[in-house]
Amino acid sequence: MDFAALMNQAISGSKPKSSSEPEPSKKYMKRAEVEEERRQKYLAEQRALEAEKEAKLKQKRKREEEEAEAKQAREEKRRKFAEESRRRREEQEAEEERARRKRLGLPELIKETSEEVDADDIKDEELVEKLREMGQPITLFGESHKQRLRRFRKLGIVMTTGPIPTSLELVEEKDMKVDTVPRGEVERKFLFRQLASYFTMILKEWEAALEQEKRDTFASKAAYNAMAQSKENMTPLFRKFEKGDVDEGVLEPIVEIVKAAQERRYVDANDGYLRLSIGKAAWPIGVTMVGIHERSAREKLHESDKGHVMGDEVTRKFLQSIKRCLSFAQVRWPPEDIRQLMG
């Protein structure tokens, strides 16, 4: 073999293999390559999970929208059915009324025009919302739209905003001064407005003071509960003020208590409360009967038991709430004379 043949053989052996020939698989891999392959596989799995989750959310939103549309269609169908039933019932009642009046020989009723009805009517949806805002049931058993509207008008009394909502028109602080119980009807109504305004002012100040000193302690919670219970217990008293139905035996002592409190004579106000709650009647102390002989003046012990003011649970509760208002008032508006502080 000559030198040229040997050179050709060496050159042909050193040439790279063609790309058409398959590369042999790697027997060994670097750690970085293994980690990169694992990371790419993890990312592909996460993308698949995100795509599946997004598809499920789309299906859920679509299902909720379909359910909402179906519910709205059912409500609309129910409303139309209720309106149709109400119209048929009204027509049937009107037909029965016409037949009854014809049978009795009475003149026919004049049918109301649509303009007269629509001028004073409220849509059923708006009427329902207004009744809900007032805390009233939206419909009663067998109640028609006209009956519901009539009930709403009866309840549509303007209520003043405050701790205890009331239909009484509250007066300003300079007009709250009370003196005695008047005899005239107009003066008594103004007296009820004065009393309601005074107790509303105390409850507002009481609530504001507790909000400023709000703490998460047992004493703070007890004070707030006492204030809330006082508002609840005094609500029947405000209802009596609205109706003007307050017993004279209760109204006069309340006016006396409020007058003394407004003059910052809290000891005198407390004395008025004690006279109202306990009274001046004799109370049994110790043994009231020994043997066959009665003690002297024993018949006076139970003279005032019948109809005592504290025997009524509602009256007892709002009188106790008045006493709590006095306790707060002497702290909020302290007296000039230290001797007028209640113990």
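Predicted model: local features only at pLDDT ≥ 70, side-chain atom pairs only at ≥ 80, totals over all residues.
Trainee: Why is Glu54 called partly exposed?

Mentor: Glu54 has 36% relative accessibility. Buried needs under 20%, and exposed needs over 50%. So Glu54 counts as partly exposed.

Trainee: What makes the meeting of Arg61 and Glu54 a salt bridge?

Mentor: The N to O distance is 3.8 Å. The cut-off is 4 Å, from a side-chain nitrogen of Lys or Arg to a carboxyl oxygen of Asp or Glu. The pair of Arg61 and Glu54 therefore qualifies. Arg61, at 41% relative accessibility, counts as partly exposed.

Trainee: Why can such side chains pair?

Mentor: Side chains of opposite charge can pair when their charged atoms come close.

Trainee: How many salt bridges does a search of the whole structure find?

Mentor: The search finds 31. Take Arg38 and Glu35, whose closest N and O atoms are 3.0 Å apart. Both sit in helix α2, residues 31-104. They are three residues apart there, so about one helical turn separates them.

Trainee: Why is Thr166 called buried?

Mentor: Thr166 has 1% relative accessibility. Buried means under 20%, so Thr166 counts as buried. Thr166 is in the loop between α5 (145-155) and α6 (185-212).

Trainee: What makes the approach of Thr166 to Leu168 a polar contact?

Mentor: A polar atom of the Thr166 side chain lies 3.2 Å from the backbone nitrogen of Leu168. The cut-off for N or O atoms is 3.5 Å.

Trainee: Why is α9 called roughly antiparallel to α10?

Mentor: The axes of α9 (residues 266-277) and α10 (residues 313-332) cross at roughly 170°. Angles over 145 degrees count as roughly antiparallel. So α9 is roughly antiparallel to α10.

Trainee: Which classes of residue make up the contact of α9 with α10?

Mentor: Seven are nonpolar, three polar and one charged. Among the residues that meet are Tyr273 in α9 and Lys323 in α10.

Conventions: Residues numbered from 1 in each chain as written. Heavy atoms only, no water. Helix = DSSP H or I, 4+ residues; strand = E, 2+ residues; numbered from the N terminus. Buried < 20%, exposed > 50% of the residue type's maximum accessible area, 1.4 Å probe, protein only. Polar contact = N/O pair within 3.5 Å; in protein donor to acceptor, adjacent residues only side chain to side chain. Axes fitted to C-alpha atoms, helices over the stretch in contact; angles between N-to-C directions. Parallel < 35°, antiparallel > 145°, perpendicular 65-115°, else oblique. Contact = heavy atoms within 4.5 Å. Nonpolar A, V, L, I, M, F, W, Y, C, P; charged D, E, K, R; others polar.
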